[in-house]
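Subject: Structure handover

Hello,

Here is the structure for you to look over. My notes follow below it.

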Amino acid sequence: MDILSIESSCDETAAAVVRDGREIISSVVATQIEEHRLYGGVVPEIASRRHCESISTVVSEALAKADMKAADVDAVAVTFAPGLIGALLVGVNFAKGLAYSLGKPLIPVHHIRGHIAANYLAHPELSPPYMCLVASGGHSLIVEVLGYTEFNIIGKTIDDAAGEAFDKSARVMGFPYPGGKFIDDAAKLGDPAKYPLPKPKTAAPYDFSFSGLKTAVINLVHNSEQKGIKIDTDSLAASFQKTVSEIMTDKFISAAEERGCKKIALSGGVAANSGLRTALSEAAEKRGMTLYFPPVSLCGDNAAMIGCQAYYEFLAGHIACEDLNAYATMRLDEVTY
Ligand code: KG4
Ligand code: ZN
């Protein structure tokens, strides 16, 4: 089954053709990052406008790269939640029109379910049940993946998401938006023990809290500036990355151990982080757990992961009508459309 999938939940307009949920036939991602960088973050209105301008071309390109015509695909899938509402609506309306005109099923996909599914594209042997740590710009979750469309949330962030903490800390360190990748690069040159940073506590053991850590970085930079002390940015990046990686690794591994789970996965934009990948790999190896993570190209937003999840949503009978709407927020374990 060939699914044409569309993703427009934030600042990437993407389209892909995915075969039977596991094989990428084509994948096109048009990023708007350069424009949003001028403002230090994503400007929702600009994002919607750029999606409108590029969606047609991006979908045509995905079909051309797959050597297919729209009529050749078996279904159209689209990210319908969560995300920036104006941005989501562009993808949803385009997909609705296309599915209707082709007379093909329309499959609604939850963005975070898509991030989780990215691992299926990279690891043919991976199947539920397993546990997944999702770390993206807007979400930090520890999830039990009970089935392809069945999830149990064990932990979540009570304030900032991991990616948000990376980006806001990066900004005060002087890096461009989005700063996660810049922290990752700088951390390789720094001393991770130079600036000890706090590990915020949470009432629920597997919840995350990153806002205190972010504030500690901001205060450290501001206090140093006031005293005329030059910050060693590489070492601050290394210290920050080590602290986030340790927090996420400790909680995720404990949650997996508590459930006797030996199969674990990492996904989302922050899954590209080399410090987090290394910390988790080492912890998993020590405990005899098998860890899966996607290649960097499938960590950030893309439509291939949406096409992959769409296949399993289709098999579960999750097909939308022409009145499909977009939603800015929606839990991944309570999907309605
Ligand atoms: O999953 P994603 O593409 O978008 C959302 O669904 O939110 O995640 C984007 C986030 C940004 O915060 C970005 O800074 C972060 O992923 N990110 C990284 C790295 N690459 C991207 N964070 C840390 N290290 C990286 N190498
Ligand atoms: Zn995402």
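First, a convention: helices (H or I, at least four residues) and strands (E, at least two) are DSSP runs, numbered from the N terminus. This is a predicted model, in which local features need pLDDT of at least 70, side-chain atom pairs count only at pLDDT 80 or more, and totals for chains, interfaces and linings use all residues. Residues are numbered from 1 along each chain as its sequence is written, chains are lettered from A and ligands numbered from 1 in the order in which they are written, and side-chain values use heavy atoms, with hydrogens and water left out.

Cis peptides and backbone

Two cis peptide bonds are worth a look. One joins P128 and P129, with omega about 5 degrees. P129 sits in the loop between helix 4 and strand 6 (130-135). Another joins Y177 and P178, with omega about -10 degrees. P178 belongs to the loop between helix 5 and helix 6.

Positive phi values turn up at two aspartates. D20 has phi near 50 degrees, positive although the residue is not glycine. The loop between strand 2 (12-19) and strand 3 (23-31) holds D20. D20 counts as partly exposed, because its relative accessibility is 34%. The classes are buried (under 20% relative accessible area), exposed (over 50%) and partly exposed (in between), with a 1.4 Å probe and protein chains only. D67 has phi near 60 degrees, again positive in a residue other than glycine. It lies in the loop between helix 2 (44-65) and strand 4 (75-81). At 71% relative accessibility, D67 counts as exposed.

Ligand 1

Where does ligand 1 lie? Domain 1 (2-116 + 298-315) and domain 2 (127-296) both give residues to its shell, so ligand 1 lies between them. The domain bounds come from an automatic or database domain assignment.

The shell has 18 residues, and G137, D167, D184, G269 and N273 come nearest. To count as near, a residue needs a heavy atom within 4 Å of the molecule or strand. By class, four shell residues are nonpolar, ten polar and four charged. Here Ala, Val, Leu, Ile, Met, Phe, Trp, Tyr, Cys and Pro count as nonpolar, Asp, Glu, Lys and Arg as charged, and the others, Gly among them, as polar. Helix 4 (111-122), helix 5 (162-172) and helix 6 (180-187) each supply at least two residues of the shell.

Now the distances. An oxygen atom of ligand 1 is 2.8 Å from a polar backbone atom of G137. For G180, a polar backbone atom is 3.2 Å from a ligand 1 oxygen. At H111, a side-chain N or O atom is 3.1 Å from an oxygen atom of ligand 1. The protein covers 85% of the 550 Å² of accessible area that ligand 1 has on its own. Areas come from the Shrake-Rupley method with a 1.4 Å probe; for residues, only the protein chains shown count as cover.

Aromatics

The structure holds ten aromatic pairs. Rings of Phe, Tyr and Trp (its six-membered ring) pair if their centres lie within 6.5 Å; planes under 30 degrees apart are stacked, over 60 edge-to-face, the rest tilted. F166 and F240 have ring centres 5.1 Å apart and planes at 90 degrees, so this pair is edge-to-face. It links distant parts of the chain: F166 is in helix 5 and F240 in helix 8 (residues 233-258), 74 residues apart. F166 is buried, with a relative accessible area of 4%. F240 is buried too, at 0%. Y120, Y130, Y148, Y311 and Y312 form one aromatic cluster.

Best wishes

Terms used:
A polar contact is a pair of N or O atoms within 3.5 Å; within protein, one must be able to donate a hydrogen and the other to accept it, and residues adjacent in sequence count only if both atoms are side-chain atoms.
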